[in-house]
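This briefing is for a reader who has not seen the structure before. Please look over the sequence and the model, then read the points below.

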Amino acid sequence: KAGVTQTPRYLIKTRGQQVTLSCSPISGHRSVSWYQQTPGQGLQFLFEYFSETQRNKGNFPGRFSGRQFSNSRSEMNVSTLELGDSALYLCASSLGGGQDTEAFFGQGTRLTVV
Amino acid sequence: AQTVTQSQPEMSVQEAETVTLSCTYDTSESDYYLFWYKQPPSRQMILVIRQEAYKQQNATENRFSVNFQKAAKSFSLKISDSQLGDAAMYFCAYRSAMAAGNKLTFGGGTRVLVKP
């Protein structure tokens, strides 16, 4: 079956702009989580969506937002981009049920803010 | 809040030999899951092995095994018979079994270099 698909793979934006990243989970998976990966801060949890509702949220400013659609696809939006938002953004999908323990990751979107 | 610490930024191993990666974590919870993920240059995170905290038996997956010491809050990964394809970043991760959701807390990572 198809894995987790993130689009686009690479993105270059200018400071002050906004950006939208997309994540299509594995078919049947209802949970989508987003992570930011940077050399300085490592892997940090942004938020998780389950059945179109935000279930968990990390410690990021309100400029970072997300949503999930009825088909479980998720988007992440970053407004008013800053240079420090340059990072690899990873999406992970999982079944989302109580006994679910495995998260499957996409290949990420490399965002560069100039 | 839970924290995960990987004290070794980089480890080097000769092909066919064994390397052990360290991970410690801090939590007040009694039920949780621990994972090791591999991130090759392709950037895609791949699950290597997982351990349920309530299971005393250490998990194994082919050449990968863990040493889970719950009281010491330690979760090390042993890679046996190292292969060139094992070269990657390895991340230790924690997930609560007591809170809803699939939030993973990651350590800082250990880069594994495999010498031919």
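Leaving aside its neighbours within four places in sequence, which residues is B:Asp86 in contact with? They are B:Lys38, B:Arg63, B:Phe64, B:Ile79, B:Asp81, B:Val112 and B:Val114. The model is predicted.

- B:Asp86 lies in the loop between strand 9 (74-79) and strand 10 (88-96) of chain B.
- With a relative accessible area of 4%, B:Asp86 falls under the 20% limit and is therefore buried.
- The side chains of B:Asp86 and B:Arg63 form a salt bridge, with N to O at 2.8 Å.
- B:Arg63 sits in the loop between strand 7 (60-61) and strand 8 (64-69) of chain B, so its pairing with B:Asp86 ties together parts that are 23 residues apart in sequence.
- Both partners, B:Asp86 and B:Arg63, are buried.

**Other salt bridges**

- Over all chains, the whole structure holds nine salt bridges.
- B:Arg50, in strand 6 (residues 46-52) of chain B, pairs with A:Glu102, in the loop between strand 9 and strand 10 (104-105) of chain A, so this pair joins two chains.
- The N to O distance between the side chains of B:Arg50 and A:Glu102 is 3.1 Å.
- B:Arg50 is partly exposed at a relative accessible area of 31%, and A:Glu102 is partly exposed at 23%.
- Within chain B, B:Lys55 forms a salt bridge with B:Glu52, and their closest N and O atoms are 3.9 Å apart.
- B:Lys55 is partly exposed, with a relative accessible area of 39%, whereas B:Glu52 is buried, with 15%.

**Interface between chain A and chain B**

- In this interface, 26 residues of chain A are in contact with 18 residues of chain B.
- The buried area between the two chains is about 1,900 Å², and carbon and sulfur atoms give 47% of that area.
- Chain A and chain B share one salt bridge and 10 residue pairs in polar contact.
- On the side of chain A that touches chain B, two or more residues each come from strand 4 (31-38), strand 5 (42-50), strand 6 (53-57) and strand 9 (87-94) of chain A.
- Strand 4 of chain A gives the largest share of that side, four residues.
- By class, that side of chain A has eight nonpolar, 12 polar and six charged residues.

**A hairpin in chain A**

- Strand 5 and strand 6 of chain A pair in the antiparallel sense over four bridges.
- A:Glu48 stands opposite A:Asn56, which is in strand 6 of chain A.
- The hairpin has two residues between the strands, and A:Ser51 takes a positive phi near 50° there.

Technical notes
Residues numbered from 1 in each chain as written. Chains lettered and ligands numbered in written order. Predicted model: local features only at pLDDT ≥ 70, side-chain atom pairs only at ≥ 80, totals over all residues. Heavy atoms only, no water. Contact = heavy atoms within 4.5 Å. Buried area = accessible area lost by both parts, 1.4 Å probe. Salt bridge = Lys/Arg side-chain N within 4 Å of Asp/Glu carboxyl O. Polar contact = N/O pair within 3.5 Å; in protein donor to acceptor, adjacent residues only side chain to side chain. Nonpolar A, V, L, I, M, F, W, Y, C, P; charged D, E, K, R; others polar. Buried < 20%, exposed > 50% of the residue type's maximum accessible area, 1.4 Å probe, protein only. Pairing = 2+ DSSP bridges.
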